[in-house]
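Hi everyone, thanks for coming. Have the picture open while I talk, and stop me whenever you get lost.

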There are 2 protein chains.
Amino acid sequence: MKVREMPVVGMAGGGQLARMTQQAAIALGVSLRVLAGAPDESAARAVSDVRVGNDRALDDLLAFAQGCDVVTFDHEHVPGPHIQKLEATGVPCRPGSAALAHAQDKLVMRERLSELGVPCPAYAPVPSPEPRAFLEAFGREHGWPLVLKSTRGGYDGKGVWIVGDPEEARVADRLQAEGVDLMVEQHVAFGRELAALVARSPYGQGAAYPIVETVQEGGICTEVISPAPGLAKDLAAEAQSLALRVADELGVVGLLAVELFETGDGLLVNELAMRPHNSGHWTIEGARTSQFEQHLRAVLDLPLGSTEPTAPYTVMANVLGGDDPDVYPRYIHVMAHDPGVKVHMYGKESRPGRKIGHVTALGADLAEVRERARHAADYLRWGPAMKDHR
Amino acid sequence: MKVREMPVVGMAGGGQLARMTQQAAIALGVSLRVLAGAPDESAARAVSDVRVGNDRALDDLLAFAQGCDVVTFDHEHVPGPHIQKLEATGVPCRPGSAALAHAQDKLVMRERLSELGVPCPAYAPVPSPEPRAFLEAFGREHGWPLVLKSTRGGYDGKGVWIVGDPEEARVADRLQAEGVDLMVEQHVAFGRELAALVARSPYGQGAAYPIVETVQEGGICTEVISPAPGLAKDLAAEAQSLALRVADELGVVGLLAVELFETGDGLLVNELAMRPHNSGHWTIEGARTSQFEQHLRAVLDLPLGSTEPTAPYTVMANVLGGDDPDVYPRYIHVMAHDPGVKVHMYGKESRPGRKIGHVTALGADLAEVRERARHAADYLRWGPAMKDHR
């Protein structure tokens, strides 16, 4: 009798997303193989099958993919042409290069979404050289400030510049001189940011999580509230439908996170990500199926899991490194202070502003749940200047 | 500034308990090092820091313990004298050899619990040689059948023999000839089996999970229901207190599972285990803190986590290997049939009767939740003879 082995999922990238995917892989009984840049990266410390290499180098990717049933990604930075070459060797890449292009290049994404009639902020590619006359005209039409973006490679506020007036638009000259491809977008006077997280399998099954609110500080997400408080039911349903439709039209396999602006006129798409996403970390405790399990199920073409929430409210707060890298004493305090808060540390050295973990709290009283999550995250970040307040 | 590194927990044994402990270690950001017998053991497939060796050999244990902040155990079979030697080198073992003796030797356990006034079935050591006259006298006093037990090394129904009459007591001669140390116990005409799971930290903090019902078939636990349906509140509180008291009196650090008989006259202790336990697998989804996280927190002397249940009822069913080792097609079916059931596979080859995984379902309707868990577990076990019924 032929016994089918449990499959091997290769994930390029050794960050915390791969690390947390390992928790789900252990339960599912599938093997996660990680391509990490160094043996002490976040996921490399947690996975038995680690290959050390450069996930932007074709040879390393080809060697890594041998023996994987499917290859997926911890980030967007694997070059599209390399993924195409992997695909040409017969290794299924999920998401595939064609879909992933929309998460790798913001201009490609905007053009495609606009074709599909998906609401986006006004945008345009920035001509090179001599970008400033164009930016001034764009500013006259759509108002200042403008949002200047690198079309590729940005994350966590990197690759995004808020340009307040024509004078500040000089930054575009400097960036283009450095070889950065730029686009410009209207600055959206939004009420708040939301995120829609969906999964899609090769079979075409889709699953949508509740719409969350994401709270940003300095371009970095600090807090995620599920479900987004006070969000109108029809707007929540619209956001889920939009994300499922984008996943389908773009042929996404795996997770798709759609970052949204909620404005007075409705929803606008901000960014796309095709992988487990910071806005979905709450699902580990707050949904019947975590985003990491869901991503594995989707890329393996397994039936998707229930996205049902496990509590009325779940709040996730990111733990950023503070001035004091000695986190352990604060970690003990947080556990003693609140036995119900769940602490997730990523095995990363603490540096100021670096995401080194997250915390999750759940319950029925939103104000209390937020306070619990914030207290834990703030405390873990706390530096020596604040020690007197303990 | 001195930065305290996240601690390293060494776990002797590479089974599914160590495997699932890794899921909790990843979240906590602590490093789990496993001493496995072979690189393809259940936990060795899931952990980055695997040492292959014999966890019953002192040299392997000593080498393994170097660099661990604490050593704990996936099973009871590490010889007590070896643990004492580890302790003598200054490595904290949790639980320690003195406590663990009560989970390693059933006669030591019975004698100690009786001293403490903890209710147990009538028991006696079986003299050697010539055990039969003694057994006949024990049977006359306490009734037939008797329960004959190997004092050491038993698990999952192994090491236990139900002896129906004086004629069947001949088995004791054979066992003693093989060098097995025997004890005898009264056969308890119990209503059902319960389990009390508690944790205790070196600091002395204790935490008790809800009391569960464990359903056994052929000496193997097949199903665990949390909380035990219809259990009187005072009896539940008594079982929790009893387990906390035993943990304290015996100086247990880590988890303690107390298997109980519920009889018409109250509770009797059946067995003790000092590690994550099959009766606690439901806590992964069904409690705010999983037993695996709790065990790590306890052995690291971290504050313990909340044991609050996440749903009115959680049912865990073990997946045993069936006649057909090709589990994967059935695994797909189970996920398609019930998107809310959580499947845990242990990375073990399927063999008839072997525990190869478990499934968990949660909800408010106990009958429905049991049916969901059972269906999934039965289906995953299904052999070719039942394929017509798909």
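Let's start with two side chains, B:His295 and B:Thr72, which are joined by a polar contact of 2.8 Å. A polar contact here is a pair of N or O atoms within 3.5 Å; within protein, one must be able to donate a hydrogen and the other to accept it, and residues adjacent in sequence count only if both atoms are side-chain atoms. Before going on: this is a predicted model, where local features need pLDDT of at least 70 and side-chain atom pairs count only at pLDDT 80 or more, while totals for chains, interfaces and linings use all residues. Residues are numbered from 1 along each chain as its sequence is written, chains are lettered from A and ligands numbered from 1 in the order in which they are written, and side-chain values use heavy atoms, with hydrogens and water left out.

So where does B:His295 sit? Look in helix 10 of chain B, residues 291–299. Helices (H or I, at least four residues) and strands (E, at least two) are DSSP runs, numbered from the N terminus. Is B:His295 buried or exposed? Buried, with a relative accessible area of 0%. Buried means under 20% relative accessible area, exposed over 50%, and partly exposed in between (1.4 Å probe, protein chains only). Setting aside neighbours within four places in sequence, the contacts of B:His295 include B:Met11, B:Gly254 and B:Arg275; contact means heavy atoms within 4.5 Å.

Now the partner. B:Thr72 points the same way as B:Val70 from strand 4 (residues 70–73) of chain B, B:Val71 and B:Phe73 point the other way, and all are buried. In a regular strand the side chains alternate between the two faces of the sheet. Strand 4 of chain B pairs in the parallel sense with strand 1 (residues 8–12) of chain B, over four bridges; to pair, two strands need at least two bridges found by DSSP. B:Ala12 is the residue opposite B:Phe73.

There's another histidine to find, B:His277, in the loop between strand 14 (266–273) and helix 9 (283–286) of chain B. B:His277 counts as buried too, at 10% relative accessibility. Its side chain makes a polar contact of 2.7 Å with that of B:Ser279.

Last, zoom out to both chains.
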